[in-house]
Amino acid sequence: MQKDRSSAPFLFGDEVKEAFDIPTPIVAFETAFMTHGLPEGVGIEVMNEMMEACRSRCAVPSPIGVVDGDILVGMDEDQLLSLSLDPDREKISSRDLGFAATRKLSGGTTVSSTLRISHISGIDVMATGGIGGVHPVANGKIDISQDLLELSRCPLMIVCSGPKSILDVEATYEILEALCVPVAAYGTGTLPGFLFETGIPAERVLDSPERACRSFNEHMRFGSGSAFLVANPLSKELSLEREYVSDLLNRSDPLIPGRSRTPEALSGLSRLSGGRTLEANRSLLVGNARLAAEMASELHALIRTKSK
Ligand code: PSU
Ligand code: MN
């Protein structure tokens, strides 16, 4: 948690700056789901719904992204709209940040870079749809997301719905364990698999923001430096059958390692499911933004009580 933000190499939006000063709860959002995960036009709509959901729970949304090499913390609606339409936008992960700055790139930040930037900024809570992780081996090649390493070394609470749909869910949860990242299922006894129920029993279950924040706070006291992952399942009505999703994936995953695999696989899934995966993706992103805002508010209250 860095308190002196003046030395951070970022540009802070007015609303977020004010929120740090008052202080008011803040929730960071990644923007790669908008620039690369959802179809053009839909990403910005969902981002706006997430911002509204966050505000409805009295927290300030802080979308993070990169514009012409500047790292923006707390992008406003206009900045988000132009980033979502920029034909040269890139998907910017942690290791790309230095290049993005020197080459004046623009792009959406993934979970990895959003965690890093939030950590340096002093933001404690972030929301996303699905985290990156371990891809099924494709043509003998491995593909593992930088999200996992940053989850092991950025101490934020992150609300998601599990590993994104195209991943090896079991392997991803195993690596999170190996990297000392606590994982708790929220309001359910099994670990969520983004679009479906995995059936994997959850070792830790949380059922309220208050309990979640107390556990997060205690986790922080032991200084392992890792994130604390709250896995919030998609609503039952929108959940799909696991077999159905794997069948769709067999037909849609381009099986190419690298950064364009996710966008191509996701659009294939949506096309083959008649839009059902897209509707689910949208709903869970907004739900996670709302829950993350509740967490940020609760954490804020907890820290205030403790400091009295
Ligand atoms: N989940 C989705 N769509 C996405 C992503 C996750 O349903 O677009 C993005 C997130 O930004 C995540 C990133 O951090 O994909 C991971 O990408 P990679 O596997 O290339 O590290
Ligand atoms: Mn990769």
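Ligand 1 sits in the largest pocket of this predicted model, where a pocket is an open set of points on a 1 Å grid over the protein atoms alone, with protein on both sides within 12 Å along at least five of seven lines, and a molecule sits in it if more than half of its atoms lie within 2 Å of its grid points. Residues are numbered from 1 along each chain as its sequence is written, and ligands are numbered from 1 in the order in which they are written. Local features need pLDDT of at least 70, side-chain atom pairs count only at pLDDT 80 or more, and side-chain values use heavy atoms, with hydrogens and water left out.

Of the 15 residues around ligand 1, those that come nearest are Glu-30, Lys-91, Val-111, Ser-145 and Asp-147, a residue being counted as near if one of its heavy atoms lies within 4 Å. By class, this shell holds five nonpolar, six polar and four charged residues, and its largest share, three residues, is supplied by helix α2 (residues 32–37).

The mean pLDDT, the predictor's confidence in each residue from 0 to 100, is 94 for the protein chain, and 99% of the residues reach 70 or more.

How values were computed:
On a 1 Å grid over the protein atoms alone, a cavity is a set of points where a 1.4 Å probe fits but cannot get out, and a pocket is an open set with protein on both sides within 12 Å along at least five of seven lines; lining residues have an atom within 4 Å of a point. Helices (H or I, at least four residues) and strands (E, at least two) are DSSP runs, numbered from the N terminus. Ala, Val, Leu, Ile, Met, Phe, Trp, Tyr, Cys and Pro count as nonpolar, Asp, Glu, Lys and Arg as charged, and the others, Gly among them, as polar.
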